Each structure stands twice: as C-alpha cells, then as structure tokens.
Amino acid sequence: MAVEKMALAKAINESLRRALETDPKVLVMGEDVGKLGGVFRVTDGLQKDFGENRVIDTPLAESGIVGTAIGLALRGYRPVVEIQFDGFVFPAYDQIVTQLAKMHARSLGTVKLPVVIRIPYGGGIGAVEHHSESPEALFAHVAGLKVVSPSNASDAYWMMQQAIQSDDPVIYFEPKRRYWDKGEVSTEAIPGPLHAARVVREGTDLTLAAYGPMVKLCQEVADAAAEEGRSLEVLDLRSVSPLDFDAIQTSVEKTRRLVVVHEAPVFFGSGAEIAARITERCFYHLEAPVLRVGGYHAPYPPARLEEEYLPDLDRVLDAVDRSLAY
C-alpha cells in the first residue's frame, strides 16, 4: 500500500486533485483558487491541470460564490467552494443557512445539494482582524449542515473525499495553523466513517476531547502529564455536527473525567453541548464536572496578543489539575 508523507495542505490538494480526476461533475471555485493557487497554496496547480472551467477564480463576493454553487448543485454538479478566510464567510451566511441547509427539507427530500464549503479557520498565524475566527458552532447549530474539521494530513485527505461524495452540504473547516504539519497519507486506505471520533492516545485518568487545531495541543498536554505520572486519553472528535457522543461516552466511562478543548469561545461553544450531553449520559460515571478550555468571550485580539487568547499547554494542564483534584 502506497504511503506518502505530506503536509496537511498538500493532502487537501491531492484529495481535490483525485476528486477532479475521477468525477467530471466536481468543480473547485473561490477567490484566487486558480492562477494563484489559493493564499495558502492549497489549490496550487489545479487550474493549470484541469482548466478554468473546472477550477474557477471568482469575484470577491462570498454570497455570490455560495449562491452560484447552490445553482450548480441543483444542475447536478458537486462544487467545492473556498472561503478564503474564516471571517469572510458571513456575507454568505444567509445563503448557507436559509438556502443550502434548508433545500433538502424544503423539497421533502427530492433535492440534494452536494456542496462542500472549505473554510481555513482558527488563529496562531499572526494574522489581522477577520482572519483568525473559529465560527464552527454557528454552523453546527443549523440543521441540514454537516460540520467537520481534520487534525492531520491523513484525515484531511480522506475527509475531503468523503465530504465531496456526500449528498448533503458539508462545512469543511481547515485548521490553518496546521497546514504545514506533515503526516503519513495512504491514498489506498479504507477510511472510517466521516463523523466518527477516534482515540489518538489511550489513557485511564482523564479524557481530553478536541478537534482540528487543538488535537495536537492535547497530545502535547498528554505528554507533559505523563511526566507527572498521569495517563490522559486524547479523543479526536473530527466532526462537530453530528458529534460522536457514543465515542465520547465510551471514553468517559473509562476515565471518569472529561476536558473539552477548542479555539472558539467557551461561551455557547461546541464544548457546552458536549458537557451537557455527557453529563446527562454519564452522570453516575463522572467523578468531576466536565470542564472546557477555549477562547474568551471577546473579539479575537491583534496578532501580538493572540497567544494570550488561544488555549495553550498551561491552560489545558490547569483544567486537568482542577478535574483531577475532585
């Protein structure tokens, strides 16, 4: 089985390339995705190889980009749309939540809209305002949308394949600070279910649950805790909607403690839903309340202050200490 080591961004590029090769109905579209290859070069070389009719440079008009993708999907295409940065998605929010997410139900199941919306998200790259947001909870709250986020190159490749093959719209959040992290990718593997969580480190004392950019941080936290004799389990959620509550429950019933970590603000974040649901499911197993670590309920700060805003090793370890102290 062929295995290649590649960066997360390259894995997405290779996945898009495979989809374009195998299905003539797949289109890639967005601002600067063609000649430039995207600001992060995720779509580099695709327009050169597949032409301007399949890898389309669009105007700077997010609402128009998504609206056009909806029309193309109605005509049988499978558009993969890039929103250049997380904070740019909001002009398209109306199209996404009132049209894209609702059409299947509105048509009583007769209309399918297989649209993938790629959104580079999160901080850690020293960017300016509107370039470091984590709006995944806003989309997870909307019925009719699937919301996923890979944490590594292999998942980036296969989850993109599965998202494109889905007949339902998928919001595909790409952790931009991890674009250059390398990992092994087998393009011949049999992937697991798109929305299944995965244990990436076994442990017995406490579960750390995260997705996207925070999975690597949680693995570093588990390494640090191991030096103090603590065994932490790290669960990569991979999907925000739907959430794999069964996998979380299985882990928590073993470790009896849970800390949820995400970059997005803790207030009304995805961790709040996880905490509530796991408290309901695991009330008699928990030995401590479910704790959450995330961003603050404040606008994302200027780049020079973002390290104070983002969850880091010490903040997650502090939550681990508080949980184990019960």
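What is the handedness of the crossing of α9 and α10? In this predicted model, the crossing of these two helices is right-handed. I shall begin with this pair and then turn to two further helix pairs, the cysteines, and some features of the loops.

Two packed helices are described by the angle between their axes and the distance between the axes. For helix α9, residues 245-255, and helix α10, residues 270-281, the axes come within 10 Å and cross at roughly 60 degrees. The two helices are therefore oblique to each other. On the α9 side, the contact is made by F245, D246, I248, Q249 and V252. The residues contributed by α10 are E273, I274, R277, I278 and R281. By class, this contact of α9 with α10 has five nonpolar residues, one polar residue and four charged residues.

The second pair is helix α8, residues 214-226, with helix α12, residues 313-324. These pack at an angle of about 60 degrees, and their axes are 10 Å apart. Accordingly, α8 and α12 are oblique to each other, and α8 passes α12 in a right-handed crossing. From α8, the contact involves L217, E220, V221, A224 and A225; from α12, it involves L313, V316, L317 and V320. What classes of residue make up the contact of α8 with α12? Eight are nonpolar, none is polar and one is charged.

S63, V66, G67 and I70 of α3 meet Q95, I96, Q99 and L100 of α4. The contact of α3 with α4 has four nonpolar and four polar residues, and no charged residues.

I turn now to the cysteines. A disulfide is a covalent bond between the sulfur atoms of two cysteines. How many disulfides does the structure hold? The number is zero. C218 is in no disulfide, and the nearest cysteine sulfur, that of C282, is 18 Å away. As for accessibility, C218 counts as buried because its relative accessibility is 0%. C282 is likewise buried, at 0% relative accessibility.

Next, the backbone. Most residues other than glycine have a negative phi, and most peptide bonds are trans. Where does the model place D32? D32 is found in the loop between β2 and α2, and its phi is near 65 degrees, a positive value. At 34% relative accessibility, D32 counts as partly exposed. R238, in the loop between β11 and β12, also has a positive phi, near 70 degrees. Is R238 buried or exposed? With 2% relative accessibility, R238 counts as buried. The peptide bond from S241 to P242 is cis, with omega near 0 degrees, and P242 sits in the loop between β12 and α9.

Finally, V39 is placed in the loop between β2 and α2. At 31% relative accessibility, V39 counts as partly exposed. V39 and Q84 are 45 residues apart in sequence, yet 7.4 Å apart in space, C-alpha to C-alpha. Leaving aside neighbours within four places in sequence, V39 is in contact with Q84 and F85.

Notes. Residues numbered from 1 in each chain as written. Predicted model: local features only at pLDDT ≥ 70, side-chain atom pairs only at ≥ 80, totals over all residues. Heavy atoms only, no water. Axes fitted to C-alpha atoms, helices over the stretch in contact; angles between N-to-C directions. Helix = DSSP H or I, 4+ residues; strand = E, 2+ residues; numbered from the N terminus. Parallel < 35°, antiparallel > 145°, perpendicular 65-115°, else oblique. Left-handed = near helix turned anticlockwise from the far one by under 90°. Contact = heavy atoms within 4.5 Å. Nonpolar A, V, L, I, M, F, W, Y, C, P; charged D, E, K, R; others polar. Disulfide = S-S within 2.5 Å. Buried < 20%, exposed > 50% of the residue type's maximum accessible area, 1.4 Å probe, protein only.
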